[in-house]
Amino acid sequence: MQAIYVQILALILLSLGIATALCRRNVFFVLMGVELALNAVNLSIVGFSKTLADTASVTGQIIPLFTIAVAAAEACVGLAIIILIFRNQDSADVDNYSNMRG
Amino acid sequence: MLALIYFIILAVIAVGCSLCIFFTKHPLYASIAMVTTMLSLAGIYGLLGSPFVGAVQIMVYAGAVMTLLMFIILVLNGSRDNTTKRFDKVSIFVLLSVIAVACLTSIVLCHSTFAFDPATVRGGVDVTAHTLFNVSAGGNGYYLIVLAIGLVLLSAMATAVILARKRIASDPEKVLPEEVH
């Protein structure tokens, strides 16, 4: 098992996440695509940290914890905003959200 | 060799479930596929030698975030009036650009030389805790970031409560019958 396999897997997951966030029109798919891209970046950080010596590799395994916490906060606020918009527009389609009228 | 077989199995599960997220129609099925992706990624973290990140991944992502997302999908019934198509004409160009960026990055990755260091640290609970909460003067100061993350989570929780509650209280359909009675 080589280090580049992990990076290739992270690249595939990042591409699929970005494609899901940009192609799909449902707002839940957009959120899930963003979460998938964040996960791919975490995997890439951990995979690169394993190529370093001892103290630097510990740093590379701690930064994903902060990323996961920030992603949890982002999902919390994002879902609250989705509830608000869904009550206003009564639709899960992101194309209907393009007009900023209240 | 055995690690490579495990890695290939977990990677195939992760990529397949990501393709399921990309192609499914109902968001609930996509969220279940997302949970499976999270679990296989946690297995890859354990395989790479950092089991604490894998445990946090299972607890926070598969346990908390995706459960919250599934709950919101079920509450809002988000695919009820989904008459729009899954993909439109813009999706072709988005796919082409994403594939082009992925090809460029993979060319750069294949030309770079890096390998696993055999002297790397296994990121268990003890190493992570000693580094995170090292409050001595010569430490890295990660405990300050832990405090800042706690503030971020607290403010996010307060923001979500205020955002979701204000709309219910000012909803005229709910308030009006109680005033009649």
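Which residues are buried in α1(B)? In this predicted model, they are Leu10(B), Ala11(B), Ala14(B), Cys17(B), Ser18(B), Ile21(B) and Phe22(B).

## Helix α1 of chain B

Seen down the axis of α1(B), the buried residues fall within an arc of 150°, so they line one face of the helix. These buried residues pack against α1 (3-23) and α2 (27-49) of chain A, and also against α2 of chain B. On the face turned away from the buried side, α1(B) carries the exposed residues Leu2(B), Ile5(B), Ile9(B) and Val12(B).

The helix has 22 residues. From its first C-alpha to its last, α1(B) reaches 32 Å, close to the 32 Å expected at 1.5 Å a residue.

## Contact between the chains

Between the two chains, 72 residues of chain B are in contact with 64 residues of chain A. Several helices of chain B each supply at least two residues of the side that touches chain A: α1 (2-23), α2 (27-48), α3 (51-76), α4 (89-111), α5 (125-132) and α6 (142-169). By residue type, this side of chain B divides into 50 nonpolar, 18 polar and 4 charged residues.

## The nonpolar core

The largest nonpolar core has 59 residues. The residues with the most contacts inside this core are Ala10(A), Leu13(A), Met32(A) and Leu43(A) from chain A, with Ile21(B) and Leu69(B) from chain B. Ile21(B) is also one of the buried residues of α1(B).

Both chains contribute helices to the core: α1, α2 and α3 of chain A, together with α1, α2, α3 and α6 of chain B, each supply at least two residues. The helix that gives the most is α3(A), with 11 residues.

## A loop residue of chain B

Phe116(B) lies in the loop between α4 and α5 of chain B.

Not counting residues up to four places away in sequence, Phe116(B) touches Ala3(A), Lys50(A) and Thr51(A). Along the chain, Phe116(B) and Val60(B) are 56 residues apart, and their C-alpha atoms are separated by 28 Å.

## Confidence in chain A

Chain A averages a pLDDT of 88, and 97% of its residues score at least 70. Among the elements of chain A, α1(A) has the highest mean pLDDT (93).

Conventions:
Residues are numbered from 1 along each chain as its sequence is written. Chains are lettered from A and ligands numbered from 1 in the order in which they are written. This is a predicted model: local features need pLDDT of at least 70, side-chain atom pairs count only at pLDDT 80 or more; totals for chains, interfaces and linings use all residues. Two residues are in contact if their C-beta atoms, placed from the backbone, lie within 7 Å. Helices (H or I, at least four residues) and strands (E, at least two) are DSSP runs, numbered from the N terminus. Ala, Val, Leu, Ile, Met, Phe, Trp, Tyr, Cys and Pro count as nonpolar, Asp, Glu, Lys and Arg as charged, and the others, Gly among them, as polar. The expected span of a helix is 1.5 Å times one less than its number of residues. A residue is buried if 20 or more other C-beta atoms lie within 10 Å of its own, exposed if 12 or fewer, and partly exposed in between; C-beta atoms are placed from the backbone. The arc is that of the directions from the helix axis to the C-beta atoms. pLDDT is the predictor's confidence in each residue, from 0 to 100. A nonpolar core is a set of buried Ala, Val, Leu, Ile, Met, Phe, Trp, Tyr and Cys residues joined through C-beta atoms within 7 Å.
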